[in-house]
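Good morning, and thank you for making time for this presentation. Please look at the sequence and the structure before we discuss individual residues.

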Amino acid sequence: MDSLAAVDWTAYQDEALAAIGSALSEAELDDARVKYLGRKSALAQALRGVRDRESGMLLNGVRSKLEEAVAAREAELARLAYELAAEAGVDVTIPGTPVTRGHLHLLTQIRREIEDIFLGMGYEVWDGNEVATVWENFDALTSDPGHPSRSQFDTFYIDQNTVLRTHTSPDQIRAMQTRKPPIYMVSPGRCYRRDTPDATHSPIFLQVECLAVDRGITLADLQGTVLKFFRALFGEEREVRMRTSFFPFTEPSVEFDVTCFICGGEGCATCKHSGWIEMGGAGWVDPDVFRNVGIDPDEYQGFAFGFGIERIAMLRHGLPDLRAFWENDLRVLGQF
Ligand SMILES: [Zn+2]
């Protein structure tokens with residue numbers, strides 16, 4: 001920038017020092033700091049464009065002088081405030097009212113715990129977009145064009161071709177489109193469906209989906225991964241069982257249950273006295289899904305499984321109502 005070469009840095013420094021020295025409040029001091037030292041200041045811009053040692057030293061010299069002046073004026077203002085308060089008869093040595101520190105939301109804590117388990121198994125955590133094309137959210141997953149889940153009564157449409165994702169599967173589609181197998185990824189995140197909020201439904205919810213694509217993967221790998229994951233989450237003594245099911249994007253599809261971690265399988269209210277708790281769905285990636293994203297199904301196989309984070313939080317803490325997570329009632333959230 002040629003115009004900056006013309007700046008008289010001695011004058012710049014004098015002007016800045018005067019502004020800093022005459023600041024009468026923290027706000028005024030901050031204004032001066034932003035104006036002369038901030039990211040958009042002439043000094044910062046010039047520093048970004050420095051090409052030679054000499055001007056680098058000059059500009060850095062100006063910067064440190066100004067930074068020292070800001071720190072000195074800050075201390076001075078603090079001392080002045082202290083003196084004024086003391087004059088007015090305020091005892092500044094009385095301890096202040098303690099401020100309670102916040103902590104991570106329960107769902108964030110569980111989400112991170114889940115991410116850690118997958119990272120430990122060598123998976124990559126994929127932070128995807130909450131907005132997806134209709135193709136990514138439905139078509140690529142071989143969902144039936146007439147399926148009711150596509151309707152505007154079930155899905156939030158942004159325009160004809162764009163939706164708020166109804167599951168995190170669009171992340172997997174994008175991952176498979178943009179990189180070559182082997183792919184071992186997990187995509188946690190918010191999903192949206194047009195549900196009326198009640199104890200077990202919410203228009204916004206958190207889902208986790210795991211996808212593995214590689215050569216020579218078998219159903220035993222799926223079972224082993226699910227088992228390892230739920231043992232890490234709910235304890236080493238857990239068992240997992242699978243029941244056949246149907247999802248459009250996996251073939252075969254299964255739903256999986258975990259032995260109840262409340263009663264240990266004896267039977268209790270949480271597991272409805274069956275000893276098993278339904279956790280989510282899984283399956284073998286349908287060859288048509290692979291074809292849609294340009295992966296050869298004769299060469300690669302893969303599995304996917306998914307479940308809800310709220311459900312895990314509710315089961316683990318015996319929470320009866322999903323709405324508690326989104327209502328931001330600190331009396332509830334503060335307990336976790
Ligand atoms: Zn039980």
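I begin with tyrosine 82, which is placed in helix 5, residues 53–87. Helices here are DSSP runs of H or I with at least four residues, strands are runs of E with at least two, and both are numbered from the N terminus. This is a predicted model, in which local features need pLDDT of at least 70 and side-chain atom pairs count only at pLDDT 80 or more, while totals for chains, interfaces and linings use all residues. Residues are numbered from 1 along each chain as its sequence is written, and side-chain values use heavy atoms, with hydrogens and water left out.

Tyrosine 82 has a relative accessible area of 48% and is partly exposed. On this scale, buried means under 20% relative accessible area, exposed means over 50%, and partly exposed lies in between, with a 1.4 Å probe and protein chains only. Together, Tyr82, Val90 and Val92 make a nonpolar surface patch of about 270 Å². Patches consist of residues with over 30% relative accessible area and no salt bridge; like charges are joined within 9 Å, and nonpolar side chains (Val, Leu, Ile, Met, Phe, Trp, Tyr) within 5 Å. The areas come from the Shrake-Rupley method with a 1.4 Å probe, and for residues only the protein chains shown count as cover.

Let us turn to helix 2. Helix 2 comprises residues 9–21, 13 residues in total, and reaches 18 Å from its first C-alpha to its last, close to the 18 Å expected at 1.5 Å a residue. The expected span is 1.5 Å times one less than the number of residues. Which residues of helix 2 are buried? They are Trp9, Tyr12, Gln13, Ala16 and Ile20. These residues lie on the same side of helix 2, because they cover an arc of only 95° around the axis. The arc is that of the directions from the helix axis to the C-beta atoms. In general, an α-helix has 3.6 residues a turn, so residues three or four places apart point the same way. At the start of helix 2, a side-chain oxygen of aspartate 8 comes within 3.0 Å of the backbone nitrogen of threonine 10.

The next residue is arginine 150, in the loop between helix 7 (134–137) and strand 3 (157–159). Is arginine 150 buried or exposed? With 12% relative accessibility, arginine 150 counts as buried. Its side chain is joined to that of aspartate 139 by a polar contact of 2.6 Å. A polar contact is a pair of N or O atoms within 3.5 Å; within protein, one must be able to donate a hydrogen and the other to accept it, and residues adjacent in sequence count only if both atoms are side-chain atoms. The side chain of arginine 150 also reaches the backbone oxygen of serine 143, at 3.1 Å.

Now to the backbone. The peptide bond from proline 181 to proline 182 is cis, with omega near 5°, and proline 182 sits in the loop between helix 8 (169–178) and strand 5 (183–192). Glutamate 251 and proline 252 are likewise joined by a cis peptide bond, with omega about 0°; proline 252 belongs to strand 8, residues 250–259. In the loop between strand 8 and strand 9 (276–285) we find lysine 272, a non-glycine residue with a positive phi of about 50°. Lysine 272 is exposed at 72% relative accessibility. Histidine 273 is in the loop between strand 8 and strand 9, has a positive phi near 60°, and is exposed at 61% relative accessibility.

I close with salt bridges, each defined as a side-chain nitrogen of Lys or Arg within 4 Å of a carboxyl oxygen of Asp or Glu. The count by this rule is 19. Aspartate 257 forms one with arginine 241, the closest N and O atoms being 2.8 Å apart. This pair links distant parts of the chain, with aspartate 257 in strand 8 and arginine 241 in strand 7 (residues 240–247), 16 residues apart. Aspartate 257 is buried at 2% relative accessibility, whereas arginine 241 is partly exposed at 33%. Arginine 243 and aspartate 257 also meet in a salt bridge, 2.7 Å from N to O. Glu136, Arg165, Asp171 and Arg174 are linked in a network of salt bridges.
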